[in-house]
Amino acid sequence: MAISVVADLNLFNAILIIGVALPTMYMGAKIKLRPLKILYFLLPTFLLLHGFSHLFSFLENLSGNGLFGFMGDTYLRPFSYILLFVFAIYFARRGG
């Protein structure tokens, strides 16, 4: 069974986004300033959730199970966008 290009791109996006989130979390753990620590918590949390939503889309295309797509589209992706919005608001008020 051939995997579609969309599934390949979702897997690539998931690996890339989660791969970027992990060093960001590590750097955030080393920071002592509270406003920066909060920013370095919000950004990788958004990245992880968004990366997992891409991973769930890949798993839906791979397995044909609609539950993965439902979880990713209904819970992970909207919650990740909410975290991105909270990050932007917090950065506008405290970060810059």
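The largest nonpolar core of this predicted model has 13 residues, and L42, L47 and L83 have the most contacts inside it. Such a core is a set of buried Ala, Val, Leu, Ile, Met, Phe, Trp, Tyr and Cys residues joined through side-chain atoms within 4.5 Å, where buried means under 20% relative accessible area, exposed over 50% and partly exposed in between (1.4 Å probe, protein chains only). Helices α1, α2 and α3 each supply at least two residues of the core, and the largest share, 6 residues, comes from α2. L47 touches I17, V20 and A21, leaving aside residues up to four places away in sequence; contact means heavy atoms within 4.5 Å.

The helices are DSSP runs of H or I with at least four residues, numbered from the N terminus.

| α1 | 5-30 |

The side chain of N65 reaches the backbone nitrogen of L67 at 3.1 Å. The C-alpha atoms of N65 and P23 are separated by 32 Å, the two residues being 42 apart along the chain.

Together with F70, M71 and Y75, L67 makes a nonpolar surface patch of about 400 Å².

Residues are numbered from 1 along each chain as its sequence is written. Local features need pLDDT of at least 70, side-chain atom pairs count only at pLDDT 80 or more, totals for chains, interfaces and linings use all residues, and side-chain values use heavy atoms, with hydrogens and water left out.

Terms used. Patch = residues over 30% accessible without salt bridge, like charges linked within 9 Å, V, L, I, M, F, W, Y side chains within 5 Å. Areas by Shrake-Rupley, 256 points an atom, 1.4 Å probe, with all protein chains shown as cover. Salt bridge = Lys/Arg side-chain N within 4 Å of Asp/Glu carboxyl O. Polar contact = N/O pair within 3.5 Å; in protein donor to acceptor, adjacent residues only side chain to side chain.
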